[in-house]
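Trainee: I have a model open and want to learn how to read it. Can we go feature by feature?

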Amino acid sequence: MALGFFSRLKAGLSRSTQKLSGGLSAVFTRRKLDDQALEDLEDLLISADLGPNVAAKVIDSFRTSKFGKEVTDEEVRAALAEEIAKILEPVAIPFEPDPAHKPHVVLVVGVNGTGKTTTIGKMARYYGEQGKKVMMVAGDTFRAAAVEQLQVWGERVGAPVIAGPPNADAAGLAFEALKRGKAEGADLLLVDTAGRLHNKGALMEELAKIIRVMRKFDETAPHSVLLVLDATTGQNAMEQVRVFKELVNVTGLVVTKLDGSARGGIVVALADAFGLPVHMVGVGEQAEDLRPFSAQAFAQGLVGDDIKVIDREVPAEDAEKEEEAPPSAE
């Protein structure tokens with residue numbers, strides 16, 4: 001096992017943290033928070049992918065509460081973490097399968113390469129460990145590698161994978177999986193999908209067909225539509241959310257690849273712009289590297305503060321073992 005989850009989260013935010021923390025140290029060394037300092041801070045926030053709207057909100061708050069005061073970079077960092085957490089807290093909503101739906105059908109969408117298939121495997125592991133019966137559907141039928149990858153995850157986490165022949169009809173596959181999930185009393189049905197955004201019309205048609213066909217068996221399906229975003233793409237993630245909101249009724253986000261190359265500030269910009277729940281974040285390749293999103297931990301990690309939040313869903317003794325484990329080769 002690798003470093004503790006929040007240690008990996010902080011490491012994953014290192015690119016954004018270095019930009020923010022280094023900039024704050026350069027701008028604020030026992031300096032008055034005057035107009036020039038606020039302008040420098042605004043530029044810094046925008047360059048760290050928090051976006052102009054978030055930057056403007058933070059600057060307005062600082063102007064109201066701290067303008068003209070002499071501050072240090074540590075004080076600004078703490079205040080900044082607080083402001084970022086305020087933006088993130090309304091969207092930090094854990095994903096919980098609805099027991100009223102058996103199975104709770106989750107359509108997982110996103111462009112190719114964001115980590116949809118891996119995310120589905122990790123979700124199967126996470127909810128399987130909570131005692132949920134999970135099934136996965138290899139609905140990205142145009143990519144043989146995606147089908148094989150999901151089957152490998154199924155073996156790893158002990159969850160059945162419903163798959164068809166190459167280029168099988170994804171909608172028909174989802175329909176049969178839903179019937180099987182209902183018959184076998186599954187709690188959660190995770191449906192992988194294609195992500196060919198360059199062919200938007202075909203993708204829209206395919207996703208609409210999957211939903212339409214599943215509703216012939218269960219008119220309430222899918223019960224959730226999760227959009228998987230790659231944190232390394234920065235501002236491109238904003239456009240992906242806009243496009244997929246047009247294609248399907250996105251109900252929540254999962255942010256992956258929060259590794260050292262991530263541009264973590266984009267999560268704040270997304271929260272401010274769309275207000276969609278950010279259910280989970282991924283910080284590595286291991287099965288356990290996907291966890292519920294914590295606004296406070298993310299905000300503190302982003303600005304370089306020590307992360308003081310403990311994942312309360314992990315027993316204390318397990319957390320200690322996790323922290324003591326040697327680093328992985330990620």
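Trainee: Which residues in helix 11 are buried?

Mentor: Keep in mind that this is a predicted model. Buried here means under 20% relative accessible area. In helix 11, that holds for Gly265, Ile266, Val267, Val268, Ala269, Leu270 and Ala271. So seven of the 10 residues in helix 11 (residues 265–274) are buried, and the helix is mostly covered. Look just past its end, too: Gly275 takes a positive phi of about 65°.

Trainee: Now the sheet. What is the order of its strands?

Mentor: The order is 5-4-6-3-7-8-9-10. This is an open sheet of eight strands with mixed pairing. Strand 5 (161–162) and strand 10 (290–292) are the edges, each pairing on one side only.

Trainee: Where do the side chains of strand 6 point?

Mentor: The general idea first. In a regular strand, side chains alternate between the two faces of the sheet. Strand 6 (residues 188–191) shows this case: Leu188 and Leu190 point one way, Leu189 and Val191 the other. All four of these residues are buried.

Trainee: Which way does strand 6 run against strand 3, parallel or antiparallel?

Mentor: Parallel, with four bridges joining strand 3 to strand 6. Val105 stands opposite Leu189 there. Strand 4 (residues 134–137) also pairs with strand 6 in the parallel sense, over four bridges. In that pair, Met136 faces Leu190.

Trainee: And how many bridges join strand 9 to strand 10?

Mentor: Three, and here the strands run antiparallel. Strand 9 covers residues 278–282. Find Val281, which stands opposite Arg291 in strand 10.

Trainee: What lies across strand 7?

Mentor: Helix 10 (residues 236–247) does, running at about 160° to strand 7 (224–230). Helix 10 also lies across strand 3 (104–109) and strand 8 (252–256).

Trainee: Last one. How do I read the packing of helix 8 and helix 9?

Mentor: Start with the angle. Helix 8 (residues 170–183) and helix 9 (residues 200–214) pack at about 30°, with axes 8 Å apart. Angles under 35 degrees count as roughly parallel, so these two helices are roughly parallel to each other. The crossing is right-handed.

Trainee: Which residues meet there?

Mentor: An α-helix has 3.6 residues a turn, so residues three or four places apart point the same way. From helix 8 come Ala170, Ala171, Ala174, Phe175 and Leu178. They meet Glu206, Lys209, Ile210, Val213 and Met214 of helix 9. By class, this contact has eight nonpolar, no polar and two charged residues.

How values were computed: Residues are numbered from 1 along each chain as its sequence is written. This is a predicted model: local features need pLDDT of at least 70, side-chain atom pairs count only at pLDDT 80 or more; totals for chains, interfaces and linings use all residues. Side-chain values use heavy atoms; hydrogens and water are left out. Axes are lines fitted to C-alpha atoms, for helices over the stretch in contact, and angles run from 0 to 180 degrees between N-to-C directions. Angles under 35 degrees count as roughly parallel, over 145 as roughly antiparallel, 65 to 115 as roughly perpendicular and the rest as oblique. A crossing is left-handed if the near helix is turned anticlockwise from the far one by less than a right angle, and right-handed if clockwise. Contact means heavy atoms within 4.5 Å. Ala, Val, Leu, Ile, Met, Phe, Trp, Tyr, Cys and Pro count as nonpolar, Asp, Glu, Lys and Arg as charged, and the others, Gly among them, as polar. Buried means under 20% relative accessible area, exposed over 50%, partly exposed in between (1.4 Å probe, protein chains only). Two strands pair if DSSP finds at least two bridges between them.
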